[in-house]
Amino acid sequence: MNQYRNSPPRVVNAVLLLLSIVITACASAPTASTPPGSRSGSAKGPAVALTDATSGKGQWSVAGWDTARLSTAQHATYLSPMERRVILHLNMLRSDPGRYAREFIEPRIKYYQRNIYRPPWTPEYYGGTLTKEGVSALREAIKDLSAAPPVGLLMPSKGLAMAARDHARDKARHGGMSHTDSRGRELDTRVEQYGYWYKRIAENISYGRDAAVDNIVGLLIDDGVPSRGHRKSLITADFKKVGVAMAGHPRFGHVCVINLAAGFEE
C-alpha cells in the first residue's frame with residue numbers, strides 16, 4: 001500500500017490544513033487475501049500461496065555493491081538488523097536502479113508460470129505465489145528502472161522510524177491493511193507525533209514478506225497496482241529521509257512499513 005501527502009502551508013487554521021493535504025497516489029490492497037501457510041486449490045496438489053511463501057534469504061548477494069557507503073543506517077541502533085537491511089536495499093536501488101533491476105528482479109523471470117511465481121526454494125507444500133499480472137509487471141519494472149536515473153541516498157530518521165513502528169505494531173495487534181490505524185489516525189498525524197515534515201511524505205506498506213530484498217522487489221514490481229505508486233515513490237528524488245519498521249501480522253505473517261519524507265526535523 002502506498003500513500004503520498006504534499007506539504008500544506010504551515011501557518012494555517014485546522015480547516016485549511018485538512019483541505020490542503022492531498023493524497024496523490026494510493027495503491028490498491030496487496031494481491032494477498034489468504035495468510036502465509038494457508039492453502040487454496042485442489043487438496044491433491046500443492047497449495048498456491050496468495051502471499052510470498054518464502055523469502056529466499058541467502059539467494060540474493062550484495063557482493064560488489066559499496067555497502068559501506070550505502071548502509072546509511074548501519075549505526076541506527078533503534079532499527080533491527082533487517083530494518084537496516086531494508087534501507088541498504090533502498091539505497092542500492094536509488095544509487096543504480098538499472099543494476100538493481102538486473103541483479104534482483106530480472107533473475108526472477110524464469111520462476112513464473114503464467115500468473116504463479118514459484119522460485120526453487122519454495123517449500124514443497126506451496127504451489128507458489130499467486131499474482132494478478134504474472135511476469136508482465138516484473139518486465140515493466142525492469143524497463144522502468146533501467147531508464148531511471150540515480151537519485152540521492154536516503155538517510156535514516158528516528159522519528160519516521162518510530163511512526164512506522166507504531167503503525168506496524170498497530171497492524172500486528174489489530175490486523176487489516178490500511179494507512180489508517182486503529183485509532184483513525186492517518187500518515188501525517190502519526191508522523192507529526194515525532195517531529196515536523198516538509199514538502200512531502202509517503203508511506204509504503206508491504207505484507208507477507210520477511211526478507212528486506214523481497215519487500216523492496218515486491219514494491220517495485222507493484223503487481224496489481226495500476227498507478228505503480230510504490231515503484232515511483234521508492235525512486236523519487238525528493239525524498240531524503242526514511243524510517244522503516246517490520247512486525248508480525250496476524251493474517252499475512254509479516255508487515256513492513258516504510259515512511260519517506262523530503263525533510264524531517266525531530
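Guide: What follows takes the terms one at a time. The model is predicted, so local features need pLDDT of at least 70 and side-chain atom pairs count only at pLDDT 80 or more, while totals for chains, interfaces and linings use all residues. Residues are numbered from 1 along each chain as its sequence is written, and side-chain values use heavy atoms, with hydrogens and water left out.

Visitor: Why is the pair of Tyr100 and Phe104 called tilted?

Guide: Rings of Phe, Tyr and Trp (its six-membered ring) pair if their centres lie within 6.5 Å; planes under 30 degrees apart count as stacked, over 60 as edge-to-face and the rest as tilted. By this rule there are nine aromatic pairs. The ring centres of Tyr100 and Phe104 are 4.6 Å apart and the planes are at 35°, so this pair is tilted.

Visitor: What makes Tyr111 and Trp121 an edge-to-face pair?

Guide: Their ring centres are 5.6 Å apart and their planes are at 80°, so the pair is edge-to-face. Tyr111 lies in the loop between helix 4 and strand 3 (112-113), and Trp121 in the loop between strand 4 (116-117) and strand 5 (126-130), so the pair ties together parts that are ten residues apart in sequence. One aromatic cluster is formed by Trp60, Trp65, Tyr100, Phe104, Tyr111, Tyr112, Tyr117 and Trp121.

Visitor: How do you know that Arg99 lies over the face of Trp65?

Guide: A charge sits over a ring if NZ of Lys or CZ of Arg is within 6 Å of the ring centre and within 35 degrees of the ring normal. Arg99 lies over the face of Trp65 at 3.9 Å from the ring centre.

Visitor: Why is Arg114 called exposed?

Guide: Buried means under 20% relative accessible area, exposed over 50%, and partly exposed in between (1.4 Å probe, protein chains only). Arg114 has a relative accessible area of 78%, so it is exposed. Arg114 lies in the loop between strand 3 and strand 4, and has a positive phi of about 55° although it is not a glycine.

Visitor: What makes strand 5 largely enclosed by the rest of the structure?

Guide: Four of its five residues are buried, so strand 5 is largely enclosed. Two strands pair if DSSP finds at least two bridges between them; strand 4 and strand 5 pair in the antiparallel sense over two bridges.

Visitor: Which residues have the most contacts inside the largest nonpolar core?

Guide: A nonpolar core is a set of buried Ala, Val, Leu, Ile, Met, Phe, Trp, Tyr and Cys residues joined through side-chain atoms within 4.5 Å. The largest has 46 residues, and those with the most contacts inside it are Tyr100, Ile105, Ile216 and Ile258. Helix 8 (212-221) is among the elements that each supply at least two residues of this core, and its share of seven residues is the largest.
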